[in-house]
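Work through the exercises below with the coordinates open. Each task is followed by its solution in steps.

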Amino acid sequence: MPNCATRIIDEVYWVGVNDHETPCFEGLWALPKGMSYNAYLVRGKEKTALIELTKTTYTDEFIGRVEEIVPLSEVDYIIHNHMEPDHTGAIPAVYKLCPGAEILCTAKAKTFLDQFYGEGERVTAVKDGDSIDLGGRTLKFLSYPWLHWPDTMFTYLVEDKVLFSCDAFGGYGAVDEALFDDQMDLESYWPEARRYLGTIVASYLQHVVKAIDKWVKGGMGIDVLCPSHGPVYRQNPMAIISRYQEWAKNDKKAKVVMIVGSMWGNTHKMGEVVHRRLEEKGIEVKYFDAASAEPGAILGEMLNAGGIVFGAPTYDANIYPKLEYYLMLFKSKKKNGYPVGVFTQNSWNVSVLPKMEAYLKDMKAEIIQPEVVGHGAPNQEVTEALRQLADNLAARITDPCVCSPA
Ligand code: FEO
């Protein structure tokens, strides 16, 4: 079991690292089950290639893992499928230990490597379809931009049909208890894979769909799928590919994600009215408290959601900050074009609706009427307005031809 170099097939090894220390990936997304930074060593009859490295803080552990198989000085190629520092932070130490190795990545990644590490000159850029021969084993490079940066490529071990897919088909969670798909309970793992897709690749979901189409049209099989995060799929690579395909299609369902902030509970009382009414209308509701929610869980639930509700008290004449964070996040993650319900509070004669509407305009949201303003605990009039909002949102989601009455 990892943590040690682990054979995948003959002369192909996992040489990655498991991280149980970092609280949040990218400083944003919680890691309750840790994170793996997978790297792989491939040996042909003549040459050895190292695919991906690891983040800076695990450099020594990573070097030790590779050297369980081969001294770094004997590595002939270092292949970067993608430049983000979770895969390249070990560059300064590793490059010093293998001065003769040829470094391969896309032209875009070469630019990034120069910017981050000043190592552009040492790097050879490869193009889509280029390959190298390790001696009876061919590594082919395939451009798959935006999975998750514009620099990304896949590396494919042709003779053995092993695909090193970088961030694509990855997930949160360390793999030190089980590295392979046939050793783990995948049903309990899928939410972490879905949360990973919803956070890391959320802005580029259409590229995931296109990438899978491109791969299928290319006609190359996959016997083993080796992502850069999460388990290695040697039993059934299609298990994760088909799930990514379904999640990334982002088909809208009769489901609403509600994010509600509240300081003293009254805005949650408003949220409960909407929540209850939506469920009465047959809508699945995922309700999150903006003060305590994990943002990744919210973005994971947004895959396949058909609508959104934001509820916020006014705070210092502004939007309650923990709710405003989600307005910023959804704008950043391009959660565009959704029907959105809004309610807020206004006890000091200051309305934050215009500020909320400005975010929603950027998100090209279809604001469902009425936008409800409460004054503390919801009275009868506010309660009726909230029910009307829920009714209109439910109608809009279940029948796109129904227009929301003003
Ligand atoms: Fe795992 Fe986009 O880096």
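A salt bridge is a side-chain nitrogen of Lys or Arg within 4 Å of a carboxyl oxygen of Asp or Glu. The model is predicted, and local features need pLDDT of at least 70, side-chain atom pairs count only at pLDDT 80 or more, while totals for chains, interfaces and linings use all residues. Residues are numbered from 1 along each chain as its sequence is written, and side-chain values use heavy atoms, with hydrogens and water left out.

**Exercise 1. Describe the interface of domain 1 and domain 2.**

Step 1. Count the contacts (heavy atoms within 4.5 Å). Domain 1 contributes 13 residues, which are in contact with 16 residues of domain 2.

Step 2. Compute the buried area, that is, the accessible area (1.4 Å probe) that two parts lose on being put together, summed over both. On the side of domain 1, Trp29, Arg194 and Ser203 supply 42% of the area buried against domain 2, more than any other three residues.

Step 3. Apply the salt-bridge rule across the interface: 1 salt bridge is found.

Step 4. Count polar contacts, meaning pairs of N or O atoms within 3.5 Å; within protein, one must be able to donate a hydrogen and the other to accept it, and residues adjacent in sequence count only if both atoms are side-chain atoms. Between the two domains there are 5 residue pairs in polar contact, both at pLDDT 80 or more.

Step 5. Assign elements, where helices (H or I, at least four residues) and strands (E, at least two) are DSSP runs numbered from the N terminus. On the side of domain 1 that touches domain 2, two or more residues each come from β5 (29-30), α5 (186-200) and α7 (237-249). The largest share, 5 residues, is from α5.

**Exercise 2. Find the backbone exceptions.**

Step 1. Recall the background: most residues other than glycine have a negative phi, and most peptide bonds are trans.

Step 2. Check omega. The peptide bond from Leu147 to His148 is cis, with omega near 25°, and His148 is in the loop between β13 (138-143) and β14 (153-157). The bond from Gln369 to Pro370 is also cis, with omega near -5°; Pro370 lies in the loop between β23 (366-367) and β24 (372-374).

Step 3. Check phi. Asn304 is not a glycine, yet has a positive phi of about 80°. Asn304 lies in the loop between α9 (295-302) and β19 (307-312).
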